[in-house]
Amino acid sequence: MIFLQVAAKDLRSELRTKESLNASLSFAVVILLLFSFAFDPSGEAVAEFSGGLLWLVFAFAGALILNRSFARELPNDCLEVLIASPVSGAQLFLGKSVASFVLLLAIELICLPIFGIFYNITWTPKFWPLLGIFLLGTWGMTILGTLFSALTVNLSLRELMLPMLLYPMMIPALMSAMRLTTILLSGNDIGGDDLVWLRLLIGFDVVFTTLALALVETILVR
Amino acid sequence: MGKNIRLGIGALAGLLLLRNLYVILFNLPDEMEQGPIYRIFYYHLPAYFTAMCCYMTALVASVLYLTKRNLRYDAIAMSATEVGLAFAAVNLITGMIWGRVIWGIWWAWDARLTWALICWLVYFGYLMLRQAIDDPSERAKNSAVLSIFSFVSVAITYKAIEWWRTQHPGPVLSFRTGQQLIDPEMERMLYTNFFALLLLAFVMVTVRLNQENLQRQIDGLRRRAHAL
């Protein structure tokens, strides 16, 4: 369970400085505000693309959190020390993924009521299934994002490269999460043909978690 | 590979493509419902298969690089991806032309089309990542991992017409449907053109590999010159 200690270390350090948390949260609110200029936010059609809006906000905010995941360790060569420590690459990666997951989920849970107020969306009756979708979608985004954060950590253009690699690759998860969230925010239940999206989301999480854990050692060892 | 062999295979591919073009334009009849535009399929589908073969080659070469750490495999993965992207672009463009004639729009946000585009963007990201890393072994290692991840999108693109109800025509080839849905002569031509494009892709990959080897030699010489 060393990964939990790594996650706790990352969370502690983030909560002390709050650098990516504050930036990510304010960025999310700004995007929520900007969307309101693109269409009529009081219209009834908002529910039909509410999932899409919400997950775009999460994806943009997520990139900020994920960018910091490994970059946080660059000052004072902390990353080299972590890699040289007896902690395995998979444990280190899992710990960092869990920390980013918790941070991103917190931001999502703050954004949801703000979104509900701004766009007149009732989300409370479907909170628990929504939380389930948030957990699955966020895990997919974090696992892939943390891996790409490790891939791009030494690049001078990492702030640009991470979203460029991450967004196209996470489309299956994003697409499924958007669709399922829209269904729930429109007041419907997930069932019938929509289950294919749920299966895709779970499949994405399983496939990419397995691949990431299998390959992360290769990335971290220099 | 020797220059002459490469030239020979290239000439064979060129001749075969010319012969196929003649047969497609003058010997094969129009399709009953679509008319003459259906002929674009003889390039659209084989280009897609060729791109798939290139991505598959990149996947195998990437796995081999990670296990053997030989930079030659990295060069193969990179060359195959670049050529695969070119063929995937042919696939996308021919599909758009067909869509404009049959559907009346250049682009439909249909699952198969969208996935083909996502796949293209994912592999384009692979090339961008390569450009951003200077150290050859670091570049090879990181891009090999990314190539393995990228292949998931290829698998999804392949299955997209089965998983989602799409506007894109469903599978027609007998090896996928288990029955003869199109005229055997048309199906034969699809395979023949696929073979010709595959030969062309092979030549392009070897040319690119050759360039990469020369680049490595130049880099080595430059390092030696700096050391002196």
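Mentor: Helices here are DSSP runs of H or I with at least four residues, and strands are runs of E with at least two, numbered from the N terminus. The model is predicted: local features need pLDDT of at least 70 and side-chain atom pairs pLDDT 80 or more, while totals for chains, interfaces and linings use all residues. Residues are numbered from 1 along each chain as written, with chains lettered from A and ligands numbered from 1 in written order.

In chain B, α2 (residues 41–68) has 28 residues and spans 40 Å between its first and last C-alpha, close to the expected 40 Å (1.5 Å times one less than the residue count).

In chain A, the axes of α3 (residues 50–71) and α8 (residues 171–185) come within 7 Å and cross at roughly 135° (lines fitted to C-alpha atoms over the stretch in contact, with angles from 0 to 180 degrees between N-to-C directions). The crossing of α3(A) past α8(A) is right-handed (the near helix turned clockwise from the far one by less than a right angle). Residues of α3(A), including Leu54(A), Trp55(A) and Ala59(A), meet residues of α8(A), including Leu174(A), Met178(A) and Leu185(A) (C-beta atoms, placed from the backbone, within 7 Å). This contact of α3(A) with α8(A) comprises eight nonpolar, five polar and one charged residue (Ala, Val, Leu, Ile, Met, Phe, Trp, Tyr, Cys and Pro are nonpolar; Asp, Glu, Lys and Arg charged; the others, Gly among them, polar).

Technical notes
Contact = placed C-beta atoms within 7 Å.
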